[in-house]
Number of protein chains: 2
Amino acid sequence: MSRPTLASLASELAVSRQTISNVLNAPHKVKPATRERVQAAIAAAGYRPSAAARQLRTQRSMTFGMRLFPATDGINGAVLDRFLHALTEAAQSAGYRLTLFCADSDGDEIRQYEELLDVAGLDGFILTSSSPDDARTRWLQERGTPFAVFGRPWRAAGHPAVASHPWVDVDGAAGTEAAVEMLLAQGHSRIGFLGWYTGDPVGADRRHGWERAMAAAGFGADVPLLSVEAEDTVAGGAAGAALLVSRGATAVVCSSDSLALGAMEKLREVRQGALASGQPALSGGPPAVVVGFDDTPVAAALGLSSIAQPVEEAARHIIRVLTHELAGNAPAARSVAGAPPARQLLLAPSVVERTPLPLAAPGR
Amino acid sequence: MSRPTLASLASELAVSRQTISNVLNAPHKVKPATRERVQAAIAAAGYRPSAAARQLRTQRSMTFGMRLFPATDGINGAVLDRFLHALTEAAQSAGYRLTLFCADSDGDEIRQYEELLDVAGLDGFILTSSSPDDARTRWLQERGTPFAVFGRPWRAAGHPAVASHPWVDVDGAAGTEAAVEMLLAQGHSRIGFLGWYTGDPVGADRRHGWERAMAAAGFGADVPLLSVEAEDTVAGGAAGAALLVSRGATAVVCSSDSLALGAMEKLREVRQGALASGQPALSGGPPAVVVGFDDTPVAAALGLSSIAQPVEEAARHIIRVLTHELAGNAPAARSVAGAPPARQLLLAPSVVERTPLPLAAPGR
DNA sequence: CGAACTAATTTGATCGATCAAATTTGTGCG
DNA sequence: CGCACAAATTTGATCGATCAAATTAGTTCG
């Protein structure tokens, strides 16, 4: 037999379509006895309402869209991976589906929005970054389409812009600050910062947290000397670390795991060189240490300490905000009311402390 | 004004709904003059047919589903990232959308299929692995749901199973074989293989390619000694590489980038140790070299040679197979006929040769 | 010129749900 | 008992497209 529909179930049960529909969408309108009888029949027949029919009538697709960027810069792409999974999971358990799409540019992205809204009737979008004068967010706002961004819009380095749309972000400065505190507790005092080029506000934010923590610990004077910029690659990290070591740094906080990876290699090399040539150059303090950012799988694999973003929490919150916004228009499908979720939320990262792989003993 | 519909456009143009529908779905049925007039109006009004209405009538959602696994084992997850992007892009340009979902287990995955088929009416699924007695593929086949798998079903190590469903895979053995040939050309002769545990057929396949190439080059006798197994981690790679070096290997082919990363670190360490203590142990032949598998971003970042899978091509083919199968039932929406795509396809990987990052000069 | 066809276009029904309004059932109370 | 009013249920219309069948226009040809 084929898939049951409202009508087929209704005639079997000798009730009307609408009653069954009500059991599903407004149970309080149905007399308890009937409700239970219908619910039992629904379960027995394995009835599931057709999303297409529902969408046609309600103008709701119960689907969110997200643009998938081409395999990102490299090592750091893993964060988006986790984000995507958490987003899918959160959407699913809220009764929504997630559709992916690709775009060549921001302009093309807007064209895709238009198409996806018209054709597939998507209920909202998730963006993974935005700037204050972002054409995409402007377009979405003007059109009144629900959306939420993972990432604050920045006006310029260090100056978050005020935006009226929902966003969730991770407080990078708090992360580097915590990393410095961890290193201080370990006995380090000459803690360097290795970031990518100045212009980027996200990088500036991370640098700022380091600076703040250094100043608070009384090492503010070292800030100019111990802050280095390099290309965001492993090679850049190695070069930058070399420079920091030559300036006396015994620990380095980095704004990415790529940089940290390079820094770690370089520090290991320097240490081995020192050991080999008998120079106790660095042997005075604790072993040199590197902290990365994003806690990518590579960091875990290599035993690199790193600042972890709570992306799963961010994803869940984004879904919370979007579903809340949509529940406002519709007479609450699954919203259990409650306090509205914060439209703009800054989450604190955490420092994952690891000890580098030994690799020492040759053989087993 | 609101979104145009068939009916609204029809009355504006003084033609019937069906004529417009025909212009879109069966242009040959419409007189050229009318067709052009209608097409112009469609473009002018920005008319786009509603997917929900279409789906309700045609029982086609123009959507594929794919299960998203939780952030994979680590470094190697990047391959799926690229695959997913390519899949989205290919689906999009074929007029299909891609929906993600999560599942706790294979059993739960089947439950999700059922739900997604009933509720959202998905047209097909993409799986990212399968085994010969896979409950999921069996369920899908019994139900007649179109699907395609990225990855062959293996009966046991080295023995691909015959399956009747479509799949696309990458010939791992051909990859390791090519890697060996590259190393031979570079002057290496003692080329080791470092793989993960024996049971896994994918790993066995990769090992087999190495073995074949070694035998072909006349080094078959070394095979038992130069093949090592280790846990698929960086630490495992380091340990395995140490063993291989102790057996005289000057180059190592690995079945993953994780292993290769560990091996590379270990080889570098050994080399430096040898240099420091003045032992010309390894200085006779070419510098020791490692080749990884999957060409992950980490490999690129570190200058690690690696065997690259043509995942983009695999994704495109999967979409080709699925759309072809679906076009068979429907009177060809966009299929340009042509020869049917191979239902089962084995693609050749390529070896990406890199020179390791120097990291040598301390400071600048 | 009109019968016999084919080509082009139109009409009514349908996919499976929800909305809004109408109807029936049930309850309280003067 | 019966009227008013709320609770429970049902009915008809609708969302926007396609299908299948009916209608009209246009050709060919004896």
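How many nonpolar, polar and charged residues does the surface near DNA strand D have? In this predicted model, local features need pLDDT of at least 70, side-chain atom pairs count only at pLDDT 80 or more, and totals for chains, interfaces and linings use all residues. Residues are numbered from 1 along each chain as its sequence is written, and chains are lettered from A in the order in which they are written.

The surface near DNA strand D has 8 nonpolar, 10 polar and 7 charged residues. Here Ala, Val, Leu, Ile, Met, Phe, Trp, Tyr, Cys and Pro count as nonpolar, Asp, Glu, Lys and Arg as charged, and the others, Gly among them, as polar.

Strand S3 (residues 124-127) of chain B pairs with S4(B) in the parallel sense over 3 bridges, pairing requiring at least two DSSP bridges between the strands. Ile126(B) has Ala148(B) as its bridge partner. Strand S7 (residues 167-170) of chain B also pairs with S4(B) in the parallel sense, over 2 bridges, and there Trp167(B) is the bridge partner of Val149(B).

Between the chains, strand S2 (residues 97-101) of chain A and S2(B) pair in the antiparallel sense over 3 bridges, with Thr99(A) opposite Thr99(B).

Conventions. Helix = DSSP H or I, 4+ residues; strand = E, 2+ residues; numbered from the N terminus.
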